[in-house]
Amino acid sequence: MAESMKGLQRTCRCAELTAENIGQTATVMGWVQKSRNKGGIIFVDLRDRSGIIQLIFEEGDTGPEGFEKAAKLRAEFVVAATGKVERRAGAVNENLATGSIEVRVSDIRILSESETPPFPVEENSKTKDELRLRYRFLDLRRPDLQRNLMLRSRAAMLTRQFLSEEGFLEIETPMLTKSTPEGARDYLVPSRVHPGNFYALPQSPQLFKQLLMCAGYDRYFQITKCFRDEDLRADRQPEFTQIDMELSFVDVDDVIGVNERLLHRLFKELLGVEIPLPIPRMTWREAMDRFGSDKPDTRFGMELKNVTDEVKECGFGVFTGAVEQGGSVRGINVKGQGAMPRKKIDKLVEFAKDFGAKGLAYLCVNEDGSYKSSFAKFMEEDELNALVQVMEGEPGDLLLFAADRDKTVYDVLGNLRLELAKQLELFDKEEYKFLWVTEFPLLEYNEELGRYQAMHHPFTMPMEEDLEYLDTDPGRVRAKAYDIVLNGTELGGGSVRIHQNDIQEKMFECLGFTKEAAREQFGFLLNAFSYGVPPHAGLAYGFDRLIMLMAKEDNIREVIAFPKVKDASCLLTYAPNAVDGKQLEELGIEVRVPEPEETGED
């Protein structure tokens, strides 16, 4: 039976006790990690969010009743224990902060009993994710998860402190807002008061933070929830948290400067890591040409080489065909892997096909300088030699090539480069390599829609020197946009915003909006802009991703208290779920469940 805490008060958390407390009386409360009954003496490891302290029970200290209670203790019982802090009589546990001390208990109360947990509450759990997430309240007791969430809490507090010192105001923006195009799918919320109409949950506070700049608030930030109805990945959830900011009377360098100082502060104070400033910058074009990615991992080399000129007139049709159709041929040099077995190379070919490749050409430079290749018979010896020279091939190297449209070549080699780096362990997991990627394309052509769409959003400012191409060659226009990348993961991104009406109108025109359509979708923002808008710019971080990388985790679920799984459902609460018919009736909604597709099977 659970006992009351009446008259008891916790004096400290478990791992806050040190050798300096020896001789003092302490009251600790927490969960039983494990219990060891040695007959006349019982040892119990008591755990709370700070760590573990060993409790020692002997009948002479607790009396028969207390000793009997101690004998009942099982994993995850919640107890309060009062006793004297002593130096451990037995061996010191070097793995515990409290490994040299223990509490000799004089009074024990069982505050709550526990059923046998479905899995052990321990660090580096090997339990399947599905089971852990179904019992997330137990999973969250694990010390490694608790450390992650405490790191997250400290990062949020430090961010608020830093931005406040930099003159930012924390201002909340609405969660129920208007659905707008040009982004991911919205989560929609039906309105009872306005039948047939819907709110949208915000994908970001973009429009509202620009309105705050119009309103003169100068520097705004918030740590806020955002929502996107899109497929999940290891670094993506349907609801996620952003550190969102906007600044007036600034340009690119101002936004980058304040964010470099923020990152420097976070990593130094939370991890003891000194980020060298300024953080290197690289244009989008350079990133794509060198790494095949707009979020390159620069902890290792294996950069892409453009060999189009060397092969455009060779006898290998795969290469020449790609060039004739306006594509390119590029390769990577996998140093020292020339003896890679054919089976392994075939697996790399299959991997490349997942990213749009029709195949993958390879050339091994043997130790004697000869070549083993999938295409050597189609090329002259001097052509092969020139190709190897451009690729900086040496005996023992493996050269891999992709030939297709540039976008496909970048996707294939960029991802292949990352896969090989993992397999060959080419990067230091303890290293933090930051990079700014700048000068993104303003627009990208959508084949399905048959028009250009904004690579970021419709309010991104073009680079002034490219304005002349908006009418004649929109795909050539670069944006005053910037992403902050860490170890191959995009941490955040932002841009300078358009504040001139003529440029904004031209942007809408490029995106296929009529003046009427633009006014219908964004009228409230355009109206605000007609009353005096300052030049402004901003940036938003994926806070979950930032903490994931700081905590050296591979999945953002490990730094979110109650995450969703792949199909965007919650295994703990069984959301989403059906609702009462009366609720739907009030909203004027009728649910039609799609019929299963005919499979042709009996």
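Which strands and which helix each supply at least two residues of the lining of the second largest pocket?

1. Basis of the note. This is a predicted model, in which local features need pLDDT of at least 70 and side-chain atom pairs count only at pLDDT 80 or more, while totals for chains, interfaces and linings use all residues. Residues are numbered from 1 along each chain as its sequence is written, and side-chain values use heavy atoms, with hydrogens and water left out.

2. Second largest pocket, elements. Strand E1 (25-37), strand E2 (41-48), strand E3 (51-58) and helix H4 (143-165) are the elements that each give at least two residues to this lining. H4 contributes the largest share, five residues. Helices (H or I, at least four residues) and strands (E, at least two) are DSSP runs, numbered from the N terminus.

3. A pocket is an open set of points on a 1 Å grid over the protein atoms alone, with protein on both sides within 12 Å along at least five of seven lines, and a lining residue has an atom within 4 Å of a point. Grid points are joined across faces, edges and corners, and the volume is the space filled by probe spheres set on them. Of the 23 lining residues, Gly51, Ile52, Leu96, Glu123 and Pro143 lie nearest the centre of the pocket. The lining divides by class into seven nonpolar, seven polar and nine charged residues. Here Ala, Val, Leu, Ile, Met, Phe, Trp, Tyr, Cys and Pro count as nonpolar, Asp, Glu, Lys and Arg as charged, and the others, Gly among them, as polar.

4. Gln146. This residue lies in helix H4. Gln146 counts as buried because its relative accessibility is 18%, where buried means under 20% relative accessible area, exposed over 50%, and partly exposed in between (1.4 Å probe, protein chains only). A polar atom of the Gln146 side chain lies 3.5 Å from the backbone oxygen of Leu140.

5. Cavities. Rolling a probe the size of a water molecule over the atoms shows where empty space is left. A cavity is a set of grid points where a 1.4 Å probe fits but cannot get out. The count comes to two cavities of 30 Å³ or more.

6. Largest cavity. Its space is about 50 Å³. The lining consists of Leu133, Arg136, Phe562, Pro563, Val565, Ser569, Cys570, Leu571 and Leu572. By class there are seven nonpolar, one polar and one charged residues.

7. Second largest cavity. The volume is about 30 Å³, and the lining is made up of Phe291, Ser293, Lys295, Pro296, Asp297, Gly414, Arg417 and Leu418. Helix H12 gives the largest share of this lining, three residues. Three of the lining residues are nonpolar, two polar and three charged.

8. Arg417. This residue of the second largest cavity lining is found in helix H12 (residues 406-424). Arg417 is buried yet has no salt bridge, and Asp297, the nearest side chain of opposite charge, is 5.9 Å away. A salt bridge is a side-chain nitrogen of Lys or Arg within 4 Å of a carboxyl oxygen of Asp or Glu; Lys and Arg count as positive and Asp and Glu as negative, with His and the chain ends not counted. A polar atom of the Arg417 side chain is 3.3 Å from the backbone oxygen of Met302.

9. Cis peptide bonds. Most residues other than glycine have a negative phi, and most peptide bonds are trans. The bond from Leu277 to Pro278 is cis, with omega near 0°; Pro278 sits in the loop between helix H6 (252-271) and strand E11 (281-283). The bond from Ala575 to Pro576 is also cis, with omega near 0°, and Pro576 is in the loop between helix H16 (543-550) and H17.

10. Positive phi. Phe249, in the loop between strand E10 (239-248) and H6, has phi near 60°. Phe249 counts as exposed because its relative accessibility is 62%. Tyr574, in the loop between H16 and H17, has a positive phi of about 65°. Tyr574 is exposed, with a relative accessible area of 55%.

11. Arg592. This residue is in the segment after helix H17 (581-587). Arg592 is exposed, at 70% relative accessible area. Its C-alpha atom is separated by 49 Å from that of Leu266, 326 residues apart along the chain.

Key:
Polar contact = N/O pair within 3.5 Å; in protein donor to acceptor, adjacent residues only side chain to side chain.
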